[in-house]
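Thanks for coming. I have one structure to go through today, and I will take it piece by piece.

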Amino acid sequence: MKIVSEFPHFSIIPEWLIESQVSDNAVRVYATLCRYADKIDGTCWPSISTIGKRCGKSPSSVKRGIKELKDIGAIEVKPRFLEDNAGQTSNLYILKFNPAYKTDTTPHIKDDTGG
């Protein structure tokens with residue numbers, strides 16, 4: 001028996017990325033990373049192979065897409081290593097959901113005194 005979800009999984013692609021000069025390949029890689037990313041801090045660590053299988057791209061295409069995304073600041077990539085530094089296990093990807101805008105926590109109060 002196959003389980004079918006009532007709500008299929010999906011990724012939302014930010015408009016700033018669609019309007020950027022990255023390739024369609026990079027957009028597909030970003031969408032796949034979004035599928036795995038924590039929705040609060042944007043972290044995920046799928047393998048190149050997993051990303052490629054999910055978006056229908058070869059490992060070399062995935063790597064090119066990741067490079068494009070890094071170059072425009074859409075993602076940050078940090079290598080992950082075994083505890084004894086014997087070798088790299090994977091990459092940690094940190095998605096920048098809105099890199100073009102600074103977060104401003106200062107409340108904006110409109111002066112309603114007139115004049």
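Helices (H or I, at least four residues) and strands (E, at least two) are DSSP runs, numbered from the N terminus.

Before going on, some ground rules. This is a predicted model, in which local features need pLDDT of at least 70, side-chain atom pairs count only at pLDDT 80 or more, and totals for chains, interfaces and linings use all residues. Residues are numbered from 1 along each chain as its sequence is written, and side-chain values use heavy atoms, with hydrogens and water left out.

On confidence: pLDDT is the predictor's confidence in each residue, from 0 to 100. The chain average is 82, and 77% of the residues score at least 70. Over residues 101-111 pLDDT stays under 50, and the model has zero contacts there beyond four places in sequence. Contact means heavy atoms within 4.5 Å.

Back to α2. Its buried residues include N25, Y30, L33 and C34; buried means under 20% relative accessible area, exposed over 50%, partly exposed in between, with a 1.4 Å probe and protein chains only. The cover over the buried residues of α2 includes α1, β1, α3, α4, β2 and β3.

Next, the largest nonpolar core, which has 20 residues. Such a core is a set of buried Ala, Val, Leu, Ile, Met, Phe, Trp, Tyr and Cys residues joined through side-chain atoms within 4.5 Å. Y30, L33 and I51 are among those with the most contacts inside the core. The largest share, six residues, comes from α2. Beyond four places in sequence, L33 touches C44, P46, I51, I75, Y93 and L95.

Now the cysteines. How many disulfides does a search of the whole structure find? Zero, taking a disulfide as a pair of cysteine sulfur atoms within 2.5 Å. For C34, the nearest cysteine sulfur is that of C44, 8.1 Å away. C34 is buried, at 5% relative accessible area, and C55 is buried too, at 4%.

Last, N91, in strand β3. Its side chain makes a polar contact with the side chain of Y93 at 3.5 Å. A polar contact is a pair of N or O atoms within 3.5 Å; within protein, one must be able to donate a hydrogen and the other to accept it, and residues adjacent in sequence count only if both atoms are side-chain atoms.
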